Amino acid sequence: MAASNKRDYYEVLGVERDATPELMKKAYRKLAVQYHPDKNPGNKEAEEKFKELGEAYEALNDPQKRAAYDQYGHAAFDPRMRAGAGGARGGGGGFHDPSDIFRDVFGGGGGGGGGSIFEQFFGGGGGDDEGPSQGENLRYDLEITLEEAVNGMEKELSFSKPMRCEPCGGAGAEKGSKTITCQTCGGRGQVTRNAGIIMMRQTCPRCSGAGKVIERPCRACNGEGRVNQKTSVRIRIPAGVDTGVRLRSTGNGAAGVRGAPNGDLHVMIHVQEHEIFGRNGRDLTCEVPIRFVQAALGGEIDVPTLTGKARIAIPSGTQSGSTFRLKTRGVKDLQGGGQGDLLVTVKVEIPQRLNATQRAKLEEFAALCDESVNPQSKGFFDKARNFFK
């Protein structure tokens, strides 16, 4: 897969860019078990995700590779990009077999009498019951204006999500109801089943991993402890965000099952196109038309900025496409690295719909012009003379 088509490694693992090695390992373990080929026989999509997970974890688990990836992205591991770079990108060679990475993470590899890796993590007895499931992370796509992105602001987001059931307080049980040991899993929270040559262990479908079931489930939530409701969350959008930035609002995702912790809310930023300004990183751009006479004779013009108008000097003889820089009239760096500029590009407007008097004056002006008035034209046609013969 070409580097440009690869997903972000942090996104693959479902972690933030400042995630600790322990958090990344935990994320990898969870997803690798879910997409392991032995658990998904014949499923090509799961197989590709398993390979993708192995590559992402190997890159981010190694401090040197992670530093290279943070700086250069996927290009850090592209041999063509490393060539001639003196090893500065330090990515090492290619990636290892994803099954080897899986065994390393889970402590497999044979010997030691601990049972196979699949017996330990997909089947067999004992341990690691996770109890009720944590709430899901939710995604909210937020469209904002360029002004809002540059200045920052607060937004109130309204959406529906699973929330704690009020009648049962999230317990999932009618008042006075008792919890009893789940007969399906015997209180372990997990069940095992044969899947070919391996034993697979899964969360108990009856008790959802709790190991206990409710004698009389809450009628409002059917025993889940949560119901779908509309809610609102107020979040702060920092100055300098751009399309693609993801903001996390901790604990504002879906409510957990039967009192488990809430998930997080991930807000994806989309900045609307502006009718006047463009954006290039920290810099804003703007095209301003000027009259032919202004370009020729020079003068001053007013230009728009996001904080009001500014005045710039136009030297005589300014050519169409010339760019002028207004310092610190751009976008604040999201990481605190200063503020960009406003780049104003002037476009010389050619007169249209001339009346007879105007045309006569221009023809008179043209007759007075010699080669010194248009040096660029003279230089071009001197070079191109042979092509006209």
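**Ground rules.** I am working with a predicted model, in which local features need pLDDT of at least 70, side-chain atom pairs count only at pLDDT 80 or more, and totals for chains, interfaces and linings use all residues. Residues are numbered from 1 along each chain as its sequence is written, and side-chain values use heavy atoms, with hydrogens and water left out.

**The whole chain.** I began with the secondary structure and got 11 helices and 15 strands. Both are DSSP runs numbered from the N terminus: helices are H or I with at least four residues, strands are E with at least two. Next I checked burial: 35% of the 389 residues count as buried. Buried means under 20% relative accessible area, exposed means over 50%, and partly exposed is in between, using a 1.4 Å probe and protein chains only. Then I looked at contacts, meaning heavy atoms within 4.5 Å. Among those with a separation of 6 or more, 64% are between residues 24 or more positions apart.

**Aromatic pairs.** How many aromatic pairs does a search of the whole structure find? I got four. My rule was that rings of Phe, Tyr and Trp (its six-membered ring) pair if their centres lie within 6.5 Å; planes under 30 degrees apart are stacked, over 60 edge-to-face, and the rest tilted. Tyr28 and Tyr57 are stacked, because their ring centres are 4.7 Å apart and their planes are at 20 degrees. This pair links distant parts of the chain, with Tyr28 in helix 2 (residues 21-35) and Tyr57 in helix 3 (residues 44-61), 29 residues apart. Tyr28 is buried at 0% relative accessibility, and Tyr57 is buried at 6%.

I then turned to Tyr140 and Phe159, an edge-to-face pair with 5.8 Å centre to centre and 65 degrees between the planes. Tyr140 is in strand 1 (residues 138-144) and Phe159 in strand 2 (residues 153-164), so the pair ties together parts 19 residues apart in sequence. Tyr140 is partly exposed at 21%, whereas Phe159 is buried at 12%. I also noted that Tyr9, Tyr10 and Tyr69 form one aromatic cluster.

**Cysteines.** Cys218 is buried, at 4% relative accessible area. I looked up Cys286 too, and it is buried at 3%.

I picked the second largest pocket, which has a volume of about 660 Å³. On a 1 Å grid over the protein atoms alone, a pocket is an open set of points where a 1.4 Å probe fits, with protein on both sides within 12 Å along at least five of seven lines; lining residues have an atom within 4 Å of a point. Grid points are joined across faces, edges and corners, and the volume is the space filled by probe spheres set on them. The lining has 21 residues, and Phe292, Ala295, Ala296, Phe365 and Asn374 lie nearest the centre. Helix 9 (292-297), helix 10 and helix 11 (375-384) each give two or more residues to this lining. Which helix gives the most to it? Helix 9 does, with five residues. By class I noted 13 nonpolar, eight polar and no charged residues. Here Ala, Val, Leu, Ile, Met, Phe, Trp, Tyr, Cys and Pro are nonpolar, Asp, Glu, Lys and Arg are charged, and the others, Gly among them, are polar.

**Positive phi.** Most residues other than glycine have a negative phi. Thr328, in the loop between strand 14 (323-326) and strand 15 (342-349), has a phi near 55 degrees. Arg353 has a positive phi of about 50 degrees. Arg353 sits in the loop between strand 15 and helix 10 (356-368) and is exposed, at 78%.

**Gly253.** My last stop was the loop between strand 8 (246-249) and strand 9 (265-271), where Gly253 lies. Gly253 is buried, at 0%. Its C-alpha atom is 6.3 Å from that of Glu136, 117 residues apart along the chain.
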